[in-house]
Amino acid sequence: MMMGRFEHEGLDVEFVDGYNAREENPVLENSIYIGDYGNLMSIRKVLADMVEHNVAQAVIFEDTVKLCPNFKTKLEELVLPDRWDMVYLGYLTPVFWSEYSDQLNRGKVLGTWSFIVTLEC
């Protein structure tokens, strides 16, 4: 299902097998949920792959992402600051946000869904 949406948007994506925290049965501290831990470890796999293959930037999608219409066009039109490490492509809480530009806001993230990350991050 997601592959069809990526193809429709003209996005070249690589799927990564997620980390199954329930199978691995890690010892969790600080009240982290097992699903959140699995999500973080899956993202860590992608970041490690970026380092190993010297990938300068990547857009990381979670398996629950829902792309807006014309996602690729909007992504290409996005004007990023001169210096940045990570840009979330999702929702921000209205409590802790401020406008950075007409395209970007600074704020607290509600979930990750998708984000752009640099190798330097």
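Colleague: Which residue stands opposite Ser 114 in strand 7?

Modeller: That's Phe 61. Before we go on, this is a predicted model, with local features needing pLDDT of at least 70, side-chain atom pairs counting only at pLDDT 80 or more, and totals for chains, interfaces and linings using all residues. Residues are numbered from 1 along each chain as its sequence is written, and side-chain values use heavy atoms, with hydrogens and water left out.

Colleague: Thanks. In what sense do strand 1 and strand 7 pair, and over how many bridges?

Modeller: They pair in the antiparallel sense, over 5 bridges. Two strands pair if DSSP finds at least two bridges between them. Helices (H or I, at least four residues) and strands (E, at least two) are DSSP runs, numbered from the N terminus.

Colleague: In what order do the strands sit in the open sheet?

Modeller: The order is 1-7-2, so to speak: 3 strands, with antiparallel pairing. Strand 1 and strand 2 stand at the edges with a single partner strand each, so one side of each is left without a neighbour in the sheet. The twist averages 15° from one strand to the next.

Colleague: Is strand 7 mostly covered or mostly open?

Modeller: Mostly covered: 5 of its 5 residues are buried. Buried means under 20% relative accessible area, exposed over 50%, and partly exposed in between (1.4 Å probe, protein chains only). Ser 114, Ile 116 and Thr 118 point one way from strand 7, while Phe 115 and Val 117 point the other way.

Colleague: Which residues make up the largest nonpolar core?

Modeller: There are 7 residues in all: Ile 43, Val 46, Met 50, Ala 58, Ile 60, Phe 115 and Val 117. Helix 3, strand 1 and strand 7 each supply at least two residues of this core, and the largest share, 3 residues, comes from helix 3. By nonpolar core I mean a set of buried Ala, Val, Leu, Ile, Met, Phe, Trp, Tyr and Cys residues joined through side-chain atoms within 4.5 Å. In soluble globular proteins, nonpolar side chains tend to be buried together.

Colleague: What is Ile 60 in contact with?

Modeller: Leaving aside its neighbours within four places in sequence, Ile 60 is in contact (heavy atoms within 4.5 Å) with Val 46, Leu 47, Trp 113, Ser 114, Phe 115 and Val 117. There's also a second, separate core of 5 residues, including Phe 6, Leu 11, Val 65 and Phe 71.

Colleague: Back to helix 3, then. How many residues does it have, and how far does it reach?

Modeller: Helix 3 covers residues 34–52, which is 19 residues, and reaches 27 Å from its first C-alpha to its last. That is close to the 27 Å expected at 1.5 Å a residue, where the expected span is 1.5 Å times one less than the number of residues.

Colleague: Which of its residues are buried, and what covers them?

Modeller: In helix 3, Gly 38, Met 41, Ser 42, Ile 43, Val 46 and Met 50 are buried. Their cover includes helix 2 (21–24), strand 1 (57–61) and strand 7 (114–118).

Colleague: New topic: which residue with a positive phi follows helix 3?

Modeller: Asn 54, with phi near 50°, although it is not a glycine. Asn 54 lies in the loop between helix 3 and strand 1, and at 58% relative accessibility it counts as exposed. Most residues other than glycine have a negative phi.

Colleague: And Asn 70?

Modeller: Asn 70 also has a positive phi, near 60°. This residue is found in the loop between strand 1 and helix 4 (71–77), and is partly exposed, with a relative accessible area of 49%.

How values were computed: Axes are lines fitted to C-alpha atoms, for helices over the stretch in contact, and angles run from 0 to 180 degrees between N-to-C directions.
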